[in-house]
Structures are given as structure tokens and as C-alpha cells.
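Biologist: I'm new to reading protein models. Could you walk me through one, feature by feature?

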Amino acid sequence: VCGDALRIRQVLFNVVGNAVKFTQRGSITVNVKPADNAGAIQFAVTDTGIGIPESKLKEIFGEFTQVDSSTTRKYGGTGLGLAISHRLVALMGGDLSAESKLGAGSTFSFVLPLLAAKAAEPVAQERNAVRALVPKTSSPPLRILLGEDAEDNRQLIRAYLRGTSHLLDTADDGAAVFEKYTNREYDLVLMDVQMPVMDGYSATRAIRNFERETGRAPAPIYALTAFAYREDAEKSLAAGCDGHLTKPMRKAAMLELLETIANSRAHPRLAAAS
């Protein structure tokens, strides 16, 4: 079928990430199958997590909505992921809905009208994508610090770097990112902007202040966020970030960024190695 692969991936990334966040044990299942309508595809993500009260089901797709205030303190996040996903699905001609039972898990599902594609086209696209994802080995290894509170996102970046020579260190909140940065030099910082304890914006400002006070050369910092609006990019740059990357980030884009930074020789450690 033919559809907006980037936006479908972004919706699934948000919904699965939400399921992982609220499922401490059990399972998460992603099911994709033809829908009753000709040419339509049904997507469903089912988890065995904490569930949602029935009275709150109609509210969870609103912006900045959490089931209760303790959710943000315990699990982090702003409650924007489902609102963005709901809007993206609507723009593609579908409707994102939820069924849940408190304490027994939830199912988020949507149906999209997708057009049939020629059989040869996806095969050619897949081959081209595989060629583009082959890691380049000509650049020197980077020491990377990833600030990300979601374990599934950390695993995704680890998978992207598998087979490369780059070294990855991780932290699950902004305060931990700042602490690690002050104790070790990094060639690149990937900063999720929404983290508990200290958000990515605050952590970036703290890092920039530390660099000014100590005379350390600034390391590139790239914000990671599910928000693709111009004002979000401007907010990241105002905090001191060098760039703004929209999640879910594609592997090819990540490897291209690392190649560019590694070959720029902007960081003193890289310059000394040349």
C-alpha cells in the first residue's frame, strides 16, 4: 500500500512509546491487518499496563492531558504525544481511539485509507534504503551522550549505532545529563527536551553555562522531540541547542548527522586526533 510512511511511523512511535511507559510487566502487541473497508489498514497497539479510567478516555487526546497529576511526576512527559498522534491520524483520514480497563491495560487503534501500490516499488525502495543505511567507517568514532527518559528510545538509538565505532553513554533525566557532561568530555549530546527532574531545555542552558565558566569548548547539542513546529525548533535554539531533530529519527538521518559532526573536526578531541 501507499501512504505517508513518516507520519504513520511517528504515530506508532508515540503510541508504542506510551504503552511502554505505562507497562511495567506483561506485553505490548502491535497488530496490523486489512480493515473491512477496501484498501484500508487497521493498526492496533495493545498493552497490559496500568489502564485508563473510563471517565478519562475522552480526555486523553487533549493537549497537555494526563490521567492525573501524579502521572507526570512518576512517568515524565507532557501528555502531548497522544494529542499529536490523534491530529496526525485525522489528517490522514482516520480516527485514533482508545479502549481501556483500569489495571488491565489499553488498546489504541486507528484505520487508515491507503492506496494499493505496485509490487515492484516497495522492493526497490527497500533496497535503496538498505544501501543508504550502511554505516560509513571513514570518520573517527564519536563519544555521544544521549539524554532520554524512555527506555525504548534509548534502545532505538543503540540499535542505530550497532555496527559503528561510536561510543554511547545514556542518562534518563536532565540532571543526570548535566552531571555526566561535567565529568567527561563528549563530542555530541542528543537531548530529549521532555524529561523528568530537569527538562532538556534547562539541562542545555546549564551545560552552556558550565562551558562558559570553565572554558571548555562547546559540544554540539541536538534537541530530540516529537514536536515538529517552528516554534519548538526556535525554543531549542534559544536554549543553546545547535539543531532540532524530530522523533522518531530515521537511521539514515542519524548516521548522516554523525558523519557530518565527525568530519567537521570542531571538537578539540577530534581535532587532536587528526
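Modeller: Let's go from the whole chain down to single residues. This is a predicted model, where local features need pLDDT of at least 70, side-chain atom pairs count only at pLDDT 80 or more, and totals for chains, interfaces and linings use all residues. Residues are numbered from 1 along each chain as its sequence is written, and side-chain values use heavy atoms, with hydrogens and water left out.

Biologist: How many helices and strands does the protein chain have?

Modeller: Helices (H or I, at least four residues) and strands (E, at least two) are DSSP runs, numbered from the N terminus. Here the protein chain comes to ten helices and nine strands.

Biologist: And what share of the residues counts as buried?

Modeller: Buried means under 20% relative accessible area, exposed means over 50%, and partly exposed is in between (1.4 Å probe, protein chains only). The protein chain has 274 residues, and 42% of them count as buried.

Biologist: What about contacts between residues at least 6 apart in sequence: what percentage join residues at least 24 apart?

Modeller: A contact means heavy atoms within 4.5 Å. Among those contacts in the protein chain, 62% join residues at least 24 apart. Pro53 sits in the loop between strand 2 (40–47) and helix 2 (69–75), and Pro53 is partly exposed at 22% relative accessible area.

Biologist: How do I describe two helices that pack together?

Modeller: Two packed helices are described by the angle between their axes and the distance between the axes. The axes are lines fitted to C-alpha atoms, for helices over the stretch in contact, and angles run from 0 to 180 degrees between N-to-C directions. Under 35 degrees counts as roughly parallel, over 145 as roughly antiparallel, 65 to 115 as roughly perpendicular and the rest as oblique.

Biologist: At what angle do helix 6 and helix 7 pack?

Modeller: Helix 6 (174–183) and helix 7 (residues 200–214) pack at about 20°, with their axes 9 Å apart. They are therefore roughly parallel to each other. Their crossing is right-handed; a crossing is right-handed if the near helix is turned clockwise from the far one by less than a right angle, and left-handed if anticlockwise. Helix 6 brings Gly174, Val177, Phe178, Tyr181 and Thr182 to the contact, while helix 7 brings Ala203, Ala206, Ile207, Phe210 and Glu211.

Biologist: Are helix 7 and helix 8 roughly parallel or roughly perpendicular?

Modeller: Helix 7 and helix 8 (residues 230–239) pack at about 30°, with axes 8 Å apart, so they are roughly parallel. Tyr201, Thr204, Arg205 and Arg208 of helix 7 meet Asp232, Lys235, Ser236 and Ala239 of helix 8.

Biologist: Thr204 is in that list. Is Thr204 buried or exposed?

Modeller: Thr204 counts as buried because its relative accessibility is 0%. Leaving out residues up to four places away in sequence, Thr204 touches Met191, Ile221, Ala239, Gly240 and Cys241.

Biologist: How do helix 5 and helix 9 pack?

Modeller: Helix 5 (residues 151–161) and helix 9 (residues 251–264) pack at about 65°, with axes 10 Å apart. That makes them roughly perpendicular, and their crossing is right-handed.

Biologist: Which residues of helix 3 are buried?

Modeller: In helix 3 (residues 81–91), these are Leu82, Ala83, Ile84, Ser85, Leu88 and Val89. Their cover includes helix 1 (5–21) and strand 4 (105–113). Helix 3 is followed by Gly93, with a positive phi near 95°.

Biologist: Which residue has a positive phi although it is not a glycine?

Modeller: Look at Val197, with a phi of about 70°. Val197 lies in the loop between strand 7 and helix 7, and is exposed at 74% relative accessible area.

Biologist: What does a polar contact look like?

Modeller: It is a pair of N or O atoms within 3.5 Å; within protein, one must be able to donate a hydrogen and the other to accept it, and residues adjacent in sequence count only if both atoms are side-chain atoms. Here, a polar atom of the Asp187 side chain lies 2.8 Å from the backbone nitrogen of Arg143. Asp187 is in the loop between helix 6 and strand 7 (188–192), and is buried, with a relative accessible area of 1%.

Biologist: Last one: how many disulfides are there?

Modeller: A disulfide is a covalent bond between the sulfur atoms of two cysteines. The cut-off is a pair of cysteine sulfur atoms within 2.5 Å, and by this rule the count is zero. As for cysteines, Cys2 is partly exposed at 48% relative accessible area, whereas Cys241 is buried at 8%.
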